[in-house]
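Student: I am new to this structure. Please show me how to read it, feature by feature.

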Amino acid sequence: MVRTGVMRSYGPVLKRWARRAEGKLITPFLSGLFVAIALQSSTATAMIAASFSAQNVMATSTAFLIMLGADVGTAFAVLVASQKITELVPLLLIIGVFGFLSSQSSKVRGISRAFIGLGLILLSLSLIAS
């Protein structure tokens with residue numbers, strides 16, 4: 001859900017960034033790191049990178065660097081998620097649901113979908129912990 005929301009809202013922008021990262025080492029790594037922190041999922045980041053690589057938007061080596069950064073980003077996300085941030089769950093879900101239902105803009109609906117996904121991720125983590 002998070003990946004779909006981000007791709008619908010920022011897919012063209014992400015594709016431009018992916019093309020600019022070709023042949024570089026640090027840029028794709030940092031991109032993967034920050035995307036994984038934002039999405040709290042290296043799997044979602046890997047799926048985005050793999051889909052770009054499959055569409056020949058970026059080279060496979062760049063996709064691998066993004067995935068490596070995503071793995072490091074997930075470690076940071078775990079550090080953040082291990083803190084008491086369960087109070088954010090209702091806020092993320094409310095913002096996401098109302099944003100999704102009240103807007104006709106595809107960008108706002110995509111971002112709202114990402115908020116719903118992040119809220120559900122945090123909710124599931126708190127349920128697993130309890």
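**Reading the model**

Tutor: Helices are DSSP runs of H or I with at least four residues, numbered from the N terminus. This is a predicted model, where local features need pLDDT of at least 70, side-chain atom pairs count only at pLDDT 80 or more, and totals for chains, interfaces and linings use all residues. Residues are numbered from 1 along each chain as its sequence is written, and side-chain values use heavy atoms, with hydrogens and water left out.

Student: Is T62 buried or exposed?

Tutor: Buried means under 20% relative accessible area, exposed over 50%, and partly exposed in between, with a 1.4 Å probe and protein chains only. T62 has 2% relative accessibility, so T62 counts as buried.

Student: What is T62 in contact with?

Tutor: Contact means heavy atoms within 4.5 Å. Leaving aside neighbours within four places in sequence, T62 is in contact with A21, E22, G23 and P28.

Student: Which residues make up the largest nonpolar core?

Tutor: First, the general idea. In soluble globular proteins, nonpolar side chains tend to be buried together. A nonpolar core is a set of buried Ala, Val, Leu, Ile, Met, Phe, Trp, Tyr and Cys residues joined through side-chain atoms within 4.5 Å. Here the largest has eight residues: L14, I48, A49, F52, V57, M58, A63 and I66. Helix 3 (42–54) and helix 4 (60–81) are the elements that give two or more residues to this core. Helix 3 supplies the largest share, three residues. Another core lies apart from it, with five residues, including V89, L92, L118 and L122.

Student: What does A49 touch?

Tutor: Not counting residues up to four places away in sequence, A49 touches M58, A63, I66 and M67.

Student: How do I check the length of helix 3?

Tutor: The expected span is 1.5 Å times one less than the number of residues. Helix 3 has 13 residues, so it should span 18 Å; its end C-alpha atoms are 18 Å apart, which agrees. Helix 6 (residues 106–129) has 24 residues and should span 34 Å, and its ends agree, with C-alpha atoms 34 Å apart.

Student: Which residues of helix 3 are buried?

Tutor: They are S42, A44, T45, I48, A49, F52 and S53. T43 also has its place in helix 3, but T43 is exposed because its relative accessible area is 51%.

Student: How do sequence distance and spatial distance compare?

Tutor: Read both values for a pair. L30 and I66 are 36 residues apart in sequence and 7.5 Å apart in space, C-alpha to C-alpha. L88 and G119 are 31 residues apart along the chain, with their C-alpha atoms separated by 7.4 Å. For T43 and S102, 59 residues apart along the chain, the C-alpha separation is 29 Å.

Student: Which residue lies over the face of F100?

Tutor: A charge sits over a ring if NZ of Lys or CZ of Arg is within 6 Å of the ring centre and within 35 degrees of the ring normal. In this model R109 lies over the face of F100, at 3.9 Å from the ring centre.
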